[in-house]
Amino acid sequence: MAFNYVISVCKKAEGQCPIIFPGARFLLSWPFDDHASMEGTEEEKLQRFRHVRDAIEEKVKDWVMNYRNICNNNDIKSDVNRETHRDL
């Protein structure tokens with residue numbers, strides 16, 4: 001299976017997990033805090049989890065909107081949203 005973009009969202013995994021996506025053209029790194037390593041009460045963990053979830057949702061929406069704008073301008077090769085963007 002081929003992917004144009006692979007997006008990693010875990011700050012901790014960025015340095016520990018191998019990047020193996022055969023067929024992937026670009027890797028984007030959006031380092032968010034890992035909710036699994038958060039400490040505190042269940043309510044505090046849930047609140048931080050929701051915060052990270054919402055931040056990821058906003059990042060995805062922004063990226064998709066920027067990507068669509070680039071595609072509409074026929075400039076697909078541009079760096080989408082100036083992210084960490086590297087050829088694999």
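In the predicted model, Glu57 has a relative accessible area of 39% and is therefore partly exposed. The side chain of Glu57 meets that of Lys61 in a salt bridge, with a distance of 3.5 Å from N to O. Lys61 is likewise assigned to the partly exposed class, because its relative accessibility is 44%. Both Lys61 and Glu57 belong to helix H2, where they are 4 residues apart, or about one turn of the helix.

By the rule applied, the count of salt bridges comes to 3. Another of them joins Lys45 to Glu42, and here the closest N and O atoms are 3.6 Å apart. Lys45 and Glu42 also both lie in helix H2, at a spacing of 3 residues, about one turn of the helix. Lys45 has a relative accessible area of 29% and is thus partly exposed. Glu42 counts as exposed, because its relative accessibility is 61% and the cut-off for this class is over 50%. A further salt bridge links Asp54 with Arg53, the closest N and O atoms being 3.0 Å apart. Asp54 is partly exposed at 34% relative accessibility, and Arg53 is partly exposed at 42%. In general, side chains of opposite charge can pair when their charged atoms come close.

Glu39 touches Lys45 and Arg48, when residues up to four places away in sequence are not counted. Glu39 sits in the loop that runs between strand E2 (26–32) and helix H2 (42–72). With a relative accessibility of 70%, Glu39 counts as exposed.

Helix H2 contains 31 residues, which at 1.5 Å a residue should span 45 Å; the C-alpha atoms at its ends are 45 Å apart, so the two values agree. Within H2, the residues Val52, Trp63 and Ile70 are buried. The packing partners of the buried residues of H2 are E1 and E2.

The largest nonpolar core has 8 residues in all: Tyr5, Phe26, Leu28, Trp30, Phe32, Met38, Val52 and Trp63. Two or more residues of this core come from each of the elements E2 and H2. The most is given by E2, with 4 residues. In soluble globular proteins, nonpolar side chains tend to be buried together.

Nonpolar residues are also found at the surface. Met1, Phe3 and Phe21 make a nonpolar surface patch of about 360 Å². Met1 is placed in the segment before strand E1 (5–10). Met1 is exposed, because its relative accessible area is 83% and the exposed class begins over 50%.

For the protein chain as a whole, the secondary structure comes to 2 helices and 3 strands. Read from the N terminus on, these elements follow the order β-α-β-α-β. The chain has 88 residues, and 17% of them count as buried. The accessible surface of the chain comes to about 6,700 Å², and carbon and sulfur atoms account for 51% of this area. Among contacts with a separation of 6 or more, 38% are between residues 24 or more positions apart.

Technical notes: Residues numbered from 1 in each chain as written. Predicted model: local features only at pLDDT ≥ 70, side-chain atom pairs only at ≥ 80, totals over all residues. Heavy atoms only, no water. Buried < 20%, exposed > 50% of the residue type's maximum accessible area, 1.4 Å probe, protein only. Contact = heavy atoms within 4.5 Å. Core = buried A, V, L, I, M, F, W, Y, C linked by side-chain atoms within 4.5 Å. Patch = residues over 30% accessible without salt bridge, like charges linked within 9 Å, V, L, I, M, F, W, Y side chains within 5 Å. Areas by Shrake-Rupley, 256 points an atom, 1.4 Å probe, with all protein chains shown as cover. Salt bridge = Lys/Arg side-chain N within 4 Å of Asp/Glu carboxyl O. Expected span 1.5 Å × (residues − 1).
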